[in-house]
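These are my notebook entries on a structure that I had not examined before. I set down what I looked up, one topic at a time.

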Amino acid sequence: MKLKCPKCGKVTEVSAVELRKQRGNVVCPRCLAVFKEPVPASAGDDDEALTPPPVPSPRRAAASAPSRHRPISFVAPPEPPRPRARQPQPYRQPRPSRPPRAATPPPLRPRSHTTPLSYWGCLGYSALATIVFFLLYIFVGKL
């Protein structure tokens, strides 16, 4: 029997026996939507369960490319969530209230102590110190 997905419209062929096993719950192989189909009456459908599927010829099986789509699968519908029972909470004494604090500005700190230097800033300070010591060596060393 052919089934059509109500969400994406993909037509898939499913046997009545498989549909009866899953109680009408079907999963679309393309969009994975779960939908319910009416289960067919059992008159004449038991013959399908007894007859084996046709065996494909080796030529046709080798020529067919593997399908990109997943085969149709069946799942049971999800169970509704159970309501949780409320747990009794232990008694807690209320805390005493505190008087409000006065808003004070944070203490002023020099920015160089709190902010680390970047790589290039550190390199610049190192180069400057090297130049200063080199000039002191040249001028003071000759005195």
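**Entry 1: The chain as a whole**

I began with burial: of the 143 residues in the chain, 13% are buried, where buried means under 20% relative accessible area, exposed means over 50%, and partly exposed lies in between (1.4 Å probe, protein chains only). I note that this is a predicted model, in which local features need pLDDT of at least 70, side-chain atom pairs count only at pLDDT 80 or more, and totals for chains, interfaces and linings use all residues. Residues are numbered from 1 along each chain as its sequence is written, and side-chain values use heavy atoms, with hydrogens and water left out.

I then looked up the secondary structure and found five helices and four strands. Helices (H or I, at least four residues) and strands (E, at least two) are DSSP runs, numbered from the N terminus. Read from the N terminus, the order of the elements is β-β-α-β-β-α-α-α-α.

The accessible surface of the chain is about 13900 Å², and carbon and sulfur atoms hold 60% of that surface. Such areas come from the Shrake-Rupley method with a 1.4 Å probe; for residues, only the protein chains shown count as cover. I also recorded the contacts (heavy atoms within 4.5 Å). Among those with a separation of 6 or more, 47% join residues 24 or more positions apart.

**Entry 2: The loop between strand 1 and strand 2**

I turned to Lys10, which sits in the loop between strand 1 (2–4) and strand 2 (11–13).

Which residues does Lys10 touch, leaving aside its neighbours within four places in sequence? I listed Leu3, Lys4, Cys5, Cys28, Pro29 and Arg30.

Gly9 belongs to the loop between strand 1 and strand 2 and is partly exposed, at 30% relative accessible area. Between the C-alpha atoms of Gly9 and Cys31 I noted 9.6 Å, with 22 residues separating them along the chain.

**Entry 3: The loop between strand 3 and strand 4**

Pro29, one of the contacts of Lys10, is placed in the loop between strand 3 and strand 4. Pro29 is buried, with a relative accessible area of 6%.

At 44% relative accessibility, Leu32 is partly exposed.

I found a phi near 60 degrees for Arg23 as well, again a positive value in a residue other than glycine. Arg23 is in the loop between helix 1 (16–21) and strand 3 (25–27), and is exposed at 65% relative accessible area.

How many salt bridges does the whole structure hold? The search returned one. Glu18 pairs with Lys21, and their closest N and O atoms are 3.9 Å apart. The two residues are three apart in helix 1, so about one helical turn separates them. Glu18 is partly exposed at 30%, whereas Lys21 is exposed at 55%.

**Entry 4: Aromatic rings and the nonpolar patch**

I found one aromatic pair in the structure. Tyr119 and Trp120 form this pair, edge-to-face, at 5.0 Å centre to centre and 80 degrees between the planes. Rings of Phe, Tyr and Trp (its six-membered ring) pair if their centres lie within 6.5 Å; planes under 30 degrees apart count as stacked, over 60 as edge-to-face and the rest as tilted. Tyr119 is exposed at 57%, and Trp120 is exposed at 63%.

Last, I looked up a nonpolar patch on the surface, with about 1200 Å² of accessible area together. Its members include Leu117, Tyr125, Leu128, Ile131, Phe133 and Val140. Patches are made of residues with over 30% relative accessible area and no salt bridge: like charges are joined within 9 Å, nonpolar side chains (Val, Leu, Ile, Met, Phe, Trp, Tyr) within 5 Å. Tyr125 lies in helix 5 (residues 119–141) and is exposed, at 54% relative accessible area.

Conventions:
Salt bridge = Lys/Arg side-chain N within 4 Å of Asp/Glu carboxyl O.
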